[in-house]
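Work through the exercises below with the sequence and the model at hand. Each task is followed by a solution in steps.

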Amino acid sequence: MDIIEWSESLSVGIVKVDEQHKMLIQLMDELDQAIRNNESADVVEDVLTNLFNYAQAHFAVEEELFRTHRYPEMALHELEHQRFIAKAFAFKERLSSKRPGLALELLNFLSSWVLNHIELTDKRYAKFLHDCGVS
């Protein structure tokens, strides 16, 4: 699977969230480059740590919007975030095994999850938040 690229079709129409989604995609590209350039395990782990930390910060922003505007599907969306973090950190732990192909498997998981999450779950909350005046 190729790394996803930002396009307006991924926009949820909320400036801060869109900017954060762009940064997540950029960090995934950095991870892809580190893997493809056979960077050291330390470099790959640093990029991955930055990506995970940024994802957690992004999730916190979304969740604050949900609380502020009383988004009715907040609990379900937060559960998706928690599952992502758990699976991502499980992958990170397994990277130390240096199993061939594991880093690319992780990258495929990240790309697929982010794309599906934006297209399906995030776009669902966007309409609700737009109706609350968030842009």
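For the classes used in Exercise 3, Ala, Val, Leu, Ile, Met, Phe, Trp, Tyr, Cys and Pro count as nonpolar, Asp, Glu, Lys and Arg as charged, and the others, Gly among them, as polar. The model is predicted.

**Exercise 1.** Check the span of helix α2 (residues 41-69) against its number of residues, and describe its buried residues.

Solution. The expected span is 1.5 Å times one less than the number of residues. For the 29 residues of α2 this gives 42 Å, and the end C-alpha atoms are 42 Å apart, so the two values agree. Next, take burial: V44, V47, L48, L51, F52, A55, H58, F59, E62, E63, L65 and F66 are buried in α2. These residues pack against α1 (15-36), α3 (74-95) and α4 (102-131). Just past the helix, R70 has a positive phi of about 55°.

**Exercise 2.** Describe the largest pocket by volume, lining and residue class.

Solution. The volume is about 360 Å³. Of the 16 lining residues, A41, V44, L95, K98 and A103 are closest to the centre. Helices α1, α2, α3 and α4 each supply at least two lining residues, and α2 gives the most, with four. By class, eight lining residues are nonpolar, three polar and five charged.

Notes. Residues numbered from 1 in each chain as written. Predicted model: local features only at pLDDT ≥ 70, side-chain atom pairs only at ≥ 80, totals over all residues. Heavy atoms only, no water. Buried < 20%, exposed > 50% of the residue type's maximum accessible area, 1.4 Å probe, protein only. Contact = heavy atoms within 4.5 Å. 1 Å grid on protein atoms, 1.4 Å probe; cavity = no way out; pocket = protein on both sides within 12 Å on 5 of 7 lines; lining within 4 Å. Points joined across faces, edges and corners; volume = space filled by probe spheres on them.
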